Structure formats: structure tokens, C-alpha cells
Number of protein chains: 2
Amino acid sequence: MTTDDIVIIGAGNLATQLAKNLYKHQHTIKQVYSRSIENAQLLANEINAQAINEIKKMVTNAKLYIISISDSALQDFTNRFPKVNGIVVHTAGSMDISLLSKFDNHGVFYPFQTFSKTKTVDFKEIPCLIEANNTQTEEYLIRVAKSISDDVKMITSDQRKQIHIAAVFACNFTNYFYRIAFDLLHEKNIDFDIIKPLIQETAQKIEQLNPAEAQTGPAIRKDMNIINKHMDMLNNHKELQELYQDISERIMNNKS
Amino acid sequence: MTTDDIVIIGAGNLATQLAKNLYKHQHTIKQVYSRSIENAQLLANEINAQAINEIKKMVTNAKLYIISISDSALQDFTNRFPKVNGIVVHTAGSMDISLLSKFDNHGVFYPFQTFSKTKTVDFKEIPCLIEANNTQTEEYLIRVAKSISDDVKMITSDQRKQIHIAAVFACNFTNYFYRIAFDLLHEKNIDFDIIKPLIQETAQKIEQLNPAEAQTGPAIRKDMNIINKHMDMLNNHKELQELYQDISERIMNNKS
């Protein structure tokens with residue numbers, strides 16, 4: 001007989017934050033599995049669960065199994081995973097739902113946010129993107145997602161993969177550009193704090209304007225005077241100079 | 001004899017927001033100059049000033065002249081500007097203070113933020129970066145800056161130019177990446193709203209972590225499985241594919 005318990009597979013950033021939020025909202029987390037028993041124990045202690053590091057010790061009558069491990073480990077783990085009656089989901093942006101098709105009830109539970117170990121985020125505002133292989137599973141996953149998030153959406157695997165690529169540009173690459181700014185400022189002994197209001201405002205603007213409308217700077221104005229001056233100043237940073245030129249040309253040509 | 005009046009030269013985004021904030025904080029704006037009398041009048045009406053579009057009509061006894069026009073127009077305008085006793089400043093990130101050396105008292109008043117016509121910003125939190133050619137001018141500009149901003153800093157021309165380049169990366173280029181995300185989502189009929197929490201969190205993170213620590217995503221994990229998958233998915237967007245590869249390699253190689 002199936003219980004209402006949840007089993008968490010993985011103890012990384014996402015698994016940790018998701019498990020804690022489920023626990024906080026009255027869900028029973030039965031077990032935490034990780035290849036490292038220490039990592040499993042660290043998380044298990046916080047959510048009153050059992051830590052395990054062997055698949056054979058996993059309960060087979062849980063209602064929900066959330067697999068939150070690296071994409072590369074996901075396929076192998078799924079192969080070794082016993083066939084269970086409960087619902088089995090993964091949390092990966094770029095993996096198809098069909099990866100879990102050996103389970104009668106399966107789906108995807110993708111909290112769309114960037115997670116770091118040292119920065120907690122409020123799950124209430126995180127879009128939870130759900131996909132399921134049947135209506136019953138879908139309804140259950142939506143219920144669970146709504147218990148921790150105010151923003152639950154049904155999304156297909158095809159859409160989710162595109163969302164993941166969009167996120168690489170809007171989050172990962174964007175943060176890399178913050179880092180370039182950090183290094184440029186550091187080089188002239190300028191504290192990074194000076195640019196933080198600009199970074200926040202740049203992000204805030206797209207709450208009101210779409211990014212094409214919000215675009216400012218020398219490239220969109222085709223201000224070759226400044227662009228050439230910046231190119232000269234980057235003479236000692238050939239790789240940054242190339243990048244500056246590439247992105248400026250893309251903006252000038254309205255490419256995307 | 002010099003009055004306490006301010007003359008604003010320019011009626012663009014920055015000139016408009018700066019003039020309004022000065023007016024709000026009890027400064028007297030005597031005149032607004034713009035080549036277009038209509039633009040000058042629009043701003044002048046809001047701040048109880050006189051609109052002019054001829055340099056010969058400009059009062060010569062104001063305390064402060066703020067030139068906030070395009071970099072390319074700045075040099076020519078400065079040449080035609082009469083020699084006045086008041087302080088003359090420009091507001092340009094990438095222009096040297098020496099551009100104004102024909103004036104006995106001159107400086108730079110650079111509000112370090114991105115301005116759009118349709119989005120108002122709170123000047124209180126905008127770093128105002130000041131430079132001056134003598135102590136008296138410096139003290140006066142700091143006093144004016146502090147009347148509208150809580151974040152006033154002395155910055156050299158050399159530092160300011162570097163700050164401006166850093167801003168192109170952290171603001172203009174970042175916004176361009178938001179735009180790429182917008183277009184990718186639009187292509188699959190996904191509302192841009194879905195990615196807004198991620199964009200905000202990405203910006204918020206650097207308030208607590210430095211950008212190198214905050215970096216997430218497939219490239220920093222050297223996750224070739226996802227990177228190759230994304231490269232395949234971008235096969236119909238050759239230019240985005242090149243960009244994805246370039247930035248991913250930079251992140252993987254820790255280049256900046």
C-alpha cells in the first residue's frame with residue numbers, strides 16, 4: 001500500500017532547498033538518498049528523515065520519489081531504480097519526461113530558479129514547472145507544487161528545454177558579465193558596490209519594459225565615438241575587447 | 001555677480017531626471033537649453049524654468065551649468081559656450097574632465113545609473129560620481145550631489161571611464177541577454193514573466209556573493225552533456241549558437 005511519504009534522491013543545492021520547503025509545508029519526507037551518506041545525513045537531520053546511500057534500502061511504498069541529481073547521473077540511476085507504484089519525478093530543466101517512462105506514474109517537477117548553497121530563496125515566488133504522463137499524476141504534482149509555490153505552471157518537455165536555454169543566457173551568462181565588471185573595477189581599485197544599484201535597476205527595468213525597449217548604452221545608440229574609445233581602452237584585454245565588439249555589433253544589428 | 005541658479009543644458013533622459021530631482025530638492029533651475037525649443041519647454045514647464053534654444057540667450061551669472069548632451073555634441077558645444085564665472089560640469093561617463101578646462105571652475109557630475117524615459121528612478125540610491133578641478137568647486141558639487149543622493153563619491157576621470165566600460169558589460173550587455181531569453185521564450189509561446197524571478201534573483205545574489213562565487217550553470221560545472229544538448233538545440237540559430245559556445249568557453253576557462 002502506498003503511503004503519503006516522499007523520498008528525496010540527491011542532496012545538492014536544489015534537492016536541499018526543495019526538501020526543506022516540502023518539510024516546512026507539512027509534507028513527510030521519509031528518506032534522503034545520496035551516494036555520500038554524510039551529505040544524506042546533513043539534509044536528513046534537518047527534515048526529520050532517514051539518510052540512506054544504498055538503493056536497496058529505499059522504501060518502495062512512498063507516494064512520491066523526487067530525483068534531483070546531476071543530469072549525467074540521472075539515466076544510470078533510473079536504470080538501477082526499482083519499479084515502484086508511487087510517482088517518480090526528476091527536477092532537471094533539460095531532460096525529457098520520457099527518461100522516466102519505465103514508471104507507470106512519472107513526471108517532472110522543475111523549480112525554475114538559481115540555487116546556491118549560501119543564499120536561501122523564497123520558494124513561494126519560484127515558478128514550479130510541472131509535467132506528468134497522466135491526469136492523476138498531474139493533479140497530484142500540481143497539489144504538491146501549490147503547497148510550496150504561488151506560481152505553478154504546466155509546461156511540456158519541449159518548452160522546458162527552451163526555458164532552460166533562455167535561463168543560461170539570462171542568468172548564467174548575465175552573471176558572467178557581472179564578473180567581468182567586477183574584475184574591471186577591481187583593476188582600478190574601485191569597490192564593486194558602486195555598480196550594484198545599476199545592476200539592480202537593469203534587472204528591475206524588465207518588470208516594466210520588455211528588454212528590447214529597455215536597451216540602453218552606446219551600441220543601441222550606434223555611438224561609435226564611445227564604442228571606439230572603449231575598444232581602445234580594452235587594448236590590454238584582447239579577449240574582452242573581442243567580446244565587447246561582438247556584443248556591440250549584435251546590438252547594433254539588432255541580432256538575437 | 002553670481003546667483004545660486006542652475007542652468008541645464010540638454011533635455012534628454014539624464015538631463016530630465018537630474019533637473020527634476022534638483023528642482024524637487026529646492027534648487028532653482030533658471031533655464032533649460034535644448035536645440036529643440038519644444039523639448040526644452042517640456043522639461044522647463046515641469047521645473048519652473050525658462051526654455052531657450054540659443055546659446056546667446058543663456059544667463060552668464062548662474063552658479064552651475066550642467067551640460068548633459070551626447071558625447072559627440074559635447075566638444076562642439078563647449079567650444080561655442082561663453083566663458084562664465086560659474087561652475088561648468090558635464091555628466092558623461094567616458095569624457096575627460098579636461099574637456100572643460102577653458103572654464104576656471106569645472107568638473108564632472110556623473111549619476112551612475114541607466115535612465116529610460118518611461119521608468120522613473122529614485123535618485124537617493126544613485127551613486128553620484130564627482131570630479132572637480134579645484135577644492136572649492138569640489139566642495140560645492142559634493143553639496144549639490146548630497147542634496148539629491150545618499151551615495152556621493154569622488155572619482156577620477158581614469159576611474160570613471162573604467163566604471164563606464166564595466167557598466168556596458170553589467171548593464172547594456174546583460175539587458176541584451178535578457179532580450180535573447182525573451183526571443184527564445186516567445187518562439188515557444190512562453191510568456192517572458194516565467195523568467196523574471198530568475199533574473200531578479202540573479203541580480204540579488206551579487207548583493208551577498210561576489211559574481212565569481214555566484215556563478216552557476218552548465219559551463220561552470222563543465223557539464224558537456226547539457227552544453228552539447230543546448231548547442232544542438234540552437235542549430236537553427238547559428239548566431240546564438242556561436243555566442244552560447246563563446247561565453248560557455250570563457251566561463252569554463254575562467255577567462256574574463
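The side chains of Lys83(B) and Asp104(B) meet in a salt bridge, 3.5 Å from N to O. Lys83(B) lies in the loop between helix 3 and strand 5 of chain B, and Asp104(B) in the loop between strand 5 and strand 6 of chain B, so the pair ties together parts that are 21 residues apart in sequence. Lys83(B) is exposed, with a relative accessible area of 56%. The model is predicted.

**Salt bridges**

- Side chains of opposite charge can pair when their charged atoms come close.
- Over all chains, a search of the whole structure finds 28 salt bridges.
- One of them links Lys188(A) with Asp158(B), with the closest N and O atoms 3.2 Å apart. Lys188(A) sits in the loop between helix 5 and helix 6 of chain A, and Asp158(B) sits in helix 5 of chain B, so this pair joins two chains.
- Lys188(A) is partly exposed, at 24% relative accessibility. Asp158(B) is also partly exposed, at 43%.
- Lys56(B) forms a salt bridge with Glu54(B), and the closest N and O atoms are 3.2 Å apart. Lys56(B) is exposed, at 71% relative accessible area, while Glu54(B) is partly exposed, at 28%.

**Strands of chain B**

- Strand 4 (residues 64-67) is covered on both faces. Leu64(B) and Ile66(B) are buried on one side, Tyr65(B) and Ile67(B) on the other.
- Strand 1 (residues 6-9) runs parallel to strand 4, and 4 bridges join them. Here Ile8(B) stands opposite Ile66(B).
- Strand 4 also pairs with strand 5 in the parallel sense, over 4 bridges. Ile66(B) stands opposite Val89(B) in strand 5.
- From strand 4 the chain crosses through helix 3 (residues 71-80) to strand 5, and this β-α-β crossover is right-handed.
- Strand 5 (residues 87-90) and strand 6 run parallel, joined by 3 bridges. Val88(B) stands opposite His106(B) in strand 6.
- In strand 6 (residues 106-111), 6 of the 6 residues are buried, so the strand is largely enclosed by the rest of the structure. His106(B), Val108(B) and Tyr110(B) lie on one side, and Gly107(B), Phe109(B) and Pro111(B) on the other.
- Strand 6 pairs with strand 7 (residues 128-132) in the antiparallel sense, over 5 bridges. The bridge partner of Val108(B) in strand 7 is Glu131(B).

**Helix 8 of chain B**

- Ile226(B), Ile227(B), His230(B) and Met231(B) are buried in helix 8 (residues 224-233). They cover an arc of only 140 degrees around the axis, which puts them on the same side of the helix.
- The buried residues of helix 8 pack against helix 3 and helix 5 of chain A, together with helix 9 of chain B.

**Where the chains meet**

- Chain B can be laid on chain A by a turn of 180 degrees and a shift of 0.0 Å along the axis, with an RMSD of 0.0 Å. The two copies are thus related as by a two-fold rotation axis.
- Of the residues of chain B, Thr174(B) comes closest to the rotation axis, at 2.6 Å (C-alpha).
- 100% of the interface residues of chain B are also interface residues in chain A, so the copies meet through the same surface.
- Cys171(A) is found in helix 5 (residues 157-187) of chain A. At 5% relative accessibility, Cys171(A) is buried.
- Beyond residues up to four places away in sequence, Cys171(A) touches Thr114(A), Leu198(B), Thr202(B) and Thr216(B).
- Cys171(A) and Thr114(A) are 57 residues apart in sequence and 7.9 Å apart in space, C-alpha to C-alpha.

Note on methods: Residues are numbered from 1 along each chain as its sequence is written. Chains are lettered from A and ligands numbered from 1 in the order in which they are written. This is a predicted model: local features need pLDDT of at least 70, side-chain atom pairs count only at pLDDT 80 or more; totals for chains, interfaces and linings use all residues. Side-chain values use heavy atoms; hydrogens and water are left out. Copies are superposed by least squares on the C-alpha atoms of residues with pLDDT of at least 70 in both. Contact means heavy atoms within 4.5 Å. Buried means under 20% relative accessible area, exposed over 50%, partly exposed in between (1.4 Å probe, protein chains only). Two strands pair if DSSP finds at least two bridges between them. The arc is that of the directions from the helix axis to the C-beta atoms. A crossover is right-handed if, with the strands pointing away from the viewer, the path from the first strand over the helix to the second runs clockwise. A salt bridge is a side-chain nitrogen of Lys or Arg within 4 Å of a carboxyl oxygen of Asp or Glu.
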